[in-house]
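Reader: I have a model open and want to learn how to read its features. Where do we start?

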Amino acid sequence: MPAAKTTPIESTHKLVGKNYQTPDLVAKVTGKAKYAEDYRVDGMLFARLLLSPMPHARVVSIDASEALAMPGVKAILTADDLPAPADGMTDLGQVIPANKLADRSLTMEPMYQGEPILAVCAVDELTCAEAIEKIHITYERLPHVVDPFVSLRPGGPNARVQGNVWIRPETPKAVPGQPPPLPPAAQVQELKWTEEDFAAAKDGQMPMGKPAEEWSFGDWEAGLKKADLVLDETFVSPNTSHQPLETRTTMAYWQNGKVYVHTGTQSTAQTVPAIARWLGPNIKSPDDVVVISEYTGGGFGSKITSSISAIIPCILSKKVGAPVMMRISREEEHFIGRARPSVHGRMKVGFTKDGRITAIDMYTVCDNGSYDAQGDGMTSGRIVSLMYQPPAMRMRGVSVITNTSPRVSQSQPGGFQGIVMMEPILSKAARKLNIDAVEIHKINSPTGKAEVGPPVRGKRPYITSSFIREALDRGRELFSWDERKKQVKRSGTKVRGIGVATSAFVGGSIGFDGLFVIKPDGRMYVQSGIGNLGTESVHDCNRVAAEMLGVPWDKVEIAWGHTGRNLPWACPSGGSQTTHAMTRAAYITATDAIQKLQQIAAKDLGGKPDDYVVANERVFRKGGGAGMSLAQAAKRAIELGGIYDGHELPKGINKMTAASATALAGQGLLAVARDTMPRDGLTHSFVAGFAEVEVDLETGKYAVTDYMAVADVGTVLHPHALGGQVLGRSVLGMGHALGQKWVYDQHYGVPLAKRFHHNRPPTILDVPVDMKWDAVNIPDPETPIGARGIGEPPVGAGCMAILNALSDALGDDVFRRAPVMADTILASLEAGHPMEEGLTAHI
Amino acid sequence: MGLIETAVNPWGQTVPIHIEFYLMWVAAIGGLAFLMVHAIYVQFVAAKASHAARISPALEAQYPPKIKRHSLVARLFHWVMSVAMFALLITAFLPRMGYPFAWVEYHWIAGLVLTASIIFHIFHATFWMDFWSIWPDKEDIQEAKWRFLRATGKDAPEPRKFGKYPFENKMYHLVIVLSGLAVTLTGVFMMKRVRTPFFTRNPYLFGDMTWGMMYILHGLAGVGLIGLVMVHVYFALRPEKFVITKSMIGGDLDRDFYLEHYDQERWKVPAAK
Amino acid sequence: MAIIRDIMPAFELFQPATVGDALGLLDQHRSDAWVLAGGLDSFDWLKDRIKRPKVVIDLSQVSELRGIKEVAGGLEIGAMTTLTEVVRNPIVKEKFSILSQGAELAASPQIRNQGTIGGNVSQDARCWYYRGGWKCYRAGGNICFADTPTAVNREHAILHADRCVAVNPSDSAPALIALEAQMVIRSVKGERVVNAEDYFVGPAIDITHMTVLKPGELLTAIRIPATWAGAQFYFEKVRDRQVWDFPLMNVASAMVVNGGNIEKIRIVVNAAAATPLRLTAVEDAVRGKPRSVATGEMAGKLAIVGAEPLRYNGYKVPLMRNLVKRAISGVEEPKWA
Amino acid sequence: MADKNNMEDAPKGISRRSAIKGVIAAGAVSSSGAYLFRTSTVRAQQSAAGSVERLVTLNVNGQQRRVDVMKQETLNTTLRYKLGLTGSKLGCDRSECGACTVLIDDVPHYSCSILTHTTRGKNIVTIEGLASANGKLHPVQQGVVDEQGFQCAFCMPGFVMATVGFLKVNPSPTRAELAHGVSGNLCRCQDYDKILTALMKGAENLRKVS
């Protein structure tokens, strides 16, 4: 069949939209790049964790005397040595009340097997291990549950002594003139459904009892009534651990009252307040925390601001007065490294005969895991409401606490599960109504300032822009969709199928800072608070500023990854916000530099600032004539001082930015600014995925033979990096279709699939050997550069393009949960109906 | 080297799983030692048991030449049980002694046969046999004391002759009953842990600790039976007891033996017409 | 005792240079000794601190255990020959291609570069309860955690389970059995040779071992007779991930077909039971029959007689049926391929 | 080829100078020796007669390195914690992810799953040994730079070493063949497509220079 084609990304810019060599690449490829575990400090000690063997218990007593008596054993850290959970603070200074039931990294009431009870610090790991084996702990076993539906049954066990669900109280009304109030902290309460609720559900259908959260818009009941076709489907998405290749190993030491933390984190600047909050009274102020993370071995949401386990070596190091390295093993990473929560979903969706959705009634049960309230269940409805534009919708959900490892957002959190719930229904409707799959997606896709989610203060919010229909058209052509539809489907024991899926997620935030200095050597020294987790945004975003000032890339120096290097406040690198937020910050900061340059030029060369323009490393009069080089301007800035060299700073910038700017003041022309530019709507990005699969009917084995993704992410910033994100995250999604999942033993409530060959992240041979991607490259109208984030939306598209292709090949009644593997396909084909257990979790 | 083997369960708890298997050798050697000591004792130490004089010949003549000791049903039961018992011991311990074979199925089948035969025996003994004849009573204990004192040279009243079952015999039966019940009751539950046609396998029927105790009881009773069976076979083969052994095959003793060794009051036999 | 993983306990290390020395050490240390071939199975046990040998005998330096030599039209493969060497060997490729196929489908390139043929056939079961350090029958306990009403057991046995329901995960074993290979076992007492199919032992006989190797014994070589050289072969492995994954099931067959009729055949399936299964009943049933889809289907149905699926591995029954069918009548490639 | 050159530069056997280097190295080792596995600090491991010697000489990136190695020590530990070669990462320590891949006599191995003692007398090449002394990148490394391959790059050293090893056997692979060649390596950023493009470019670069 014709392989998918692709078109080169075109860009009218000098730097933006062009490929280049990122400044960290050579260090990476020569092995010189240092990740957390690559640092060595004299006298460095080691720490290892003692993990709970029980899914839920209370520690009655700990006898560590034998261990402490061993030569080489320095200290033992337990939950008693940890600070209590502290309140957080938003950028706007609003207090986020502490969650008293939060993960504290060590505990006396383990909530899942593998939860750390204590850490042993010794001269080496072998001593740590032998010491741990000499520690005797008495546990009082408590009731445990790993399956949300078991916990929801009348009389079912609760995973926590306080209850089994997170209930979020109503958000108070906003006071005019003040920032919108934060949603109050969720509380753990008991929620049980009735026997009738369970009895009402037919085999494979999800029962729907009392929800914990609910919203709706439009008359969804009428919508379902007037529909020509109503589908009522239950689908289950898997728990999948993030499994970054670098585990959350951390090394820490104290110097002059500051703690230096070498750790993996997705965000550099934002990690300081996070660790400061976790350390509580161990430090005087956040300034005492120095985060070093020039390179991070992946995060995918599990290391947005490092991880709470990082405080163990910090506090141990303080206790023993020596550097402490705490390596996290792959098995420990499976326990504490976080995971995407499984979501069980049931949807009633109404369609007109020409394929337009009339209404959606959606209910999700989220496997919350043992700690913080997970929003995935409800977010899935929000993204469904955007991606498929139902005129009316009801969303209900409950997030059930289970004695399983903690969950946290993973690439496209909630959005992914929403796409996974809805796509099978859309493709089934397409088959039933005999409408082309691409068409039915287009018919229901958002365009322009489309509405998203439930009404806020009576009005539904809307997005900045969507060009997903253009993406679908581009993909249809490049993937030769129409030709493929005509191709032979069945031959011998093999059958082929093609599938398309669309996906969406938040694509950017606003309100962060930029900071750089143009020094008398004529070079541009950019300070970047963005994390370096491999997306390249830590460098990419700064190309905007360089381009605006006409500075060639080889004259740009970037400081990153070490908060001792005077970095500005930046957004957390999570939820695909960085590209959008930080290109804006770069833009506003470059604008600040241009204004200062114009003013300096006007001062020295006469005329008004507006008479001057900045380009090609110079500031000069419009239409040529007098001007000066950036180097000269930098010298003048130092002479002028004040706002020009950073001795005087603008109001409103974050105090971390202000501190950094102050430290850099006097070195040249200092540009610093906060993004206060308006934005009409919420920024979201979109991806359309196209896949072809080939199934072997005799073995149930199937192969993804081709994949193509087209992204609507506004202006393309860096094609290589974008391609990596689009296809990389598509494959992350494919993992959820091909085999990634958790398995727990239901009786003992302990995990079984702890090894890679058990939880199955995709290998290079599980995906097409030559995939294609493209981007519509239409600027977002609500941001100066027009660039949006891309990290999330490919995930759902990658997963569901494959599963839709699978049902195109095999028909509707083969699977009802992801992932789909040979066993499911073979068993279901043999039986003629889905053979999977509909709802049992963790199988 | 302890008596029981423990394991750490998936929750990190230490639970017993079964007895240490060297105990089977302990039982075997113990049994062997007993019968050697007994043989030597009988051969060289023990004085010929002297009994009260026999009853008058006239009375004797009233007894039939053949005295019925074991009914056919009782004998069948005995042999069925003994076959099952040997099958169980062989399937249980031969693999442990280094002669591996697929033993599990034979073991539980034999176990079922034993259980069935025991249940039958209980009913049969209760309703159709002289139930109390096998249980030790006050007199037995009293006379056992006398016998012991006399054997050790002290003087004590002369004990009467035995009834149908001598005291030792009764005691042996008692021990067999206890170990037999222990091994079969636990065994029946343990069938839930292996594949049988009867029910789906479910090792979670009880908690790990309860199961452990059950396995240990089963094991202790099992090795106990090694010794008990050895002793039983030994006595069956002793020349002076051979007549009794034969009666477990043929069913009866000749009158003379009966009159010689048994107290006609304590073991009443219907006189001949 | 609290449990900690991922740090190898200390052990004494010996690296003998000759088989003689190795056997001497084995005899000297007996049950204290752990034999290290490629080490890829061993290191899991050691790093998890589940198995704690006092002494490790690393065979990596014993050059006489390495290499493939031609013997009377057949081959003798040293037990320490790496899977990569087996895969790349031209004679294996040419005459005994199922072996190179089987070996090539095992694990990953790096593992094949270090893992040995001897280690691959002798490797331990991969049941995740057992490998998780749970004290099951195979670990000397008195329970099978994988055969309970709630156990997750999609990778487990459908045939010949006896208390333990683990399967043999080897990909080279079925090929070797199909090729009528013989295993050369040595100890200080001398040498014994067993047929490949008798090298493996099931739980009914010995629930704590996978092979007939006794303490002090070493698998030194594998002999492949000329018998099946250049026969018609079929090998297929079904797995979840297309690299670094154990078989859900695999099948190997060697056939001599004469005038369209199956004259001689050996067919073996693995990961269906605790040992690789040579399907003699199927062999007898198809011998003399035409090599056709009909024969294949008949063979497939016969192969699964007596299968007892667990809660999650029912799919293995049709899988085995279809793989056996293919191993006899082959598989049709799609037109578009 | 860069790594070859390095090896040719390396002294065959131990010259006086490298012996001195060795001593210094060993000295350096004993200070950093306590990392991960104790050496002499706490409880020296007793050696039984005929068992391996702890002080060994390894040929790493063309240099003879004397190092004190525990019996149970894996090559990855020795490289990372005793020889300061942290380029080889430890992703799983269970021969599943390939981040620790190094070349032993030109063959890719998981350094997490081979005992250091097993590698005595063999040529070990790590990511640090690929580029030539003057900093010129190995053609495969250059390919990665040309195509901006990889994202977080934690898996990169392993992928590059696996590729260099594979290309010694198959210098001009198809995309599919190379994918099989590096299939023993996991990338969790799942950047497989771009990685493959970069490594194919590397193969092409390599063919040009050799």
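Reader: How much area do chain B and chain A bury between them?

Author: This is a predicted model: local features need pLDDT of at least 70, side-chain atom pairs count only at pLDDT 80 or more, while totals for chains, interfaces and linings use all residues; side-chain values use heavy atoms, with hydrogens and water left out. Residues are numbered from 1 along each chain as its sequence is written, and chains are lettered from A. Buried area is the accessible area (1.4 Å probe) that two parts lose on being put together, summed over both. Here chains B and A bury about 770 Å², with 65% of it on carbon and sulfur atoms.

Reader: Which three residues supply 86% of the area that chain B buries against chain A?

Author: B:Pro10, B:Trp11 and B:Tyr204, more than any other three residues. Six residues of chain B are in contact (heavy atoms within 4.5 Å) with ten residues of chain A.

Reader: How are two packed helices described?

Author: By the angle between their axes and the distance between the axes. Take α4 (residues 104-128) and α6 (residues 167-190), both of chain B: their axes come within 10 Å and cross at roughly 130°.

Reader: Which residues of α4(B) meet α6(B)?

Author: B:Leu114, B:Thr115, B:Ile118 and B:His121; their partners in α6(B) include B:His173, B:Gly180 and B:Leu181. By class, this contact of α4(B) with α6(B) has five nonpolar, five polar and no charged residues. Nonpolar covers Ala, Val, Leu, Ile, Met, Phe, Trp, Tyr, Cys and Pro; charged covers Asp, Glu, Lys and Arg; the others, Gly among them, are polar.

Reader: What does the model score?

Author: ipTM 0.95 and pTM 0.94.

Key: Axes are lines fitted to C-alpha atoms, for helices over the stretch in contact, and angles run from 0 to 180 degrees between N-to-C directions. Helices (H or I, at least four residues) and strands (E, at least two) are DSSP runs, numbered from the N terminus.
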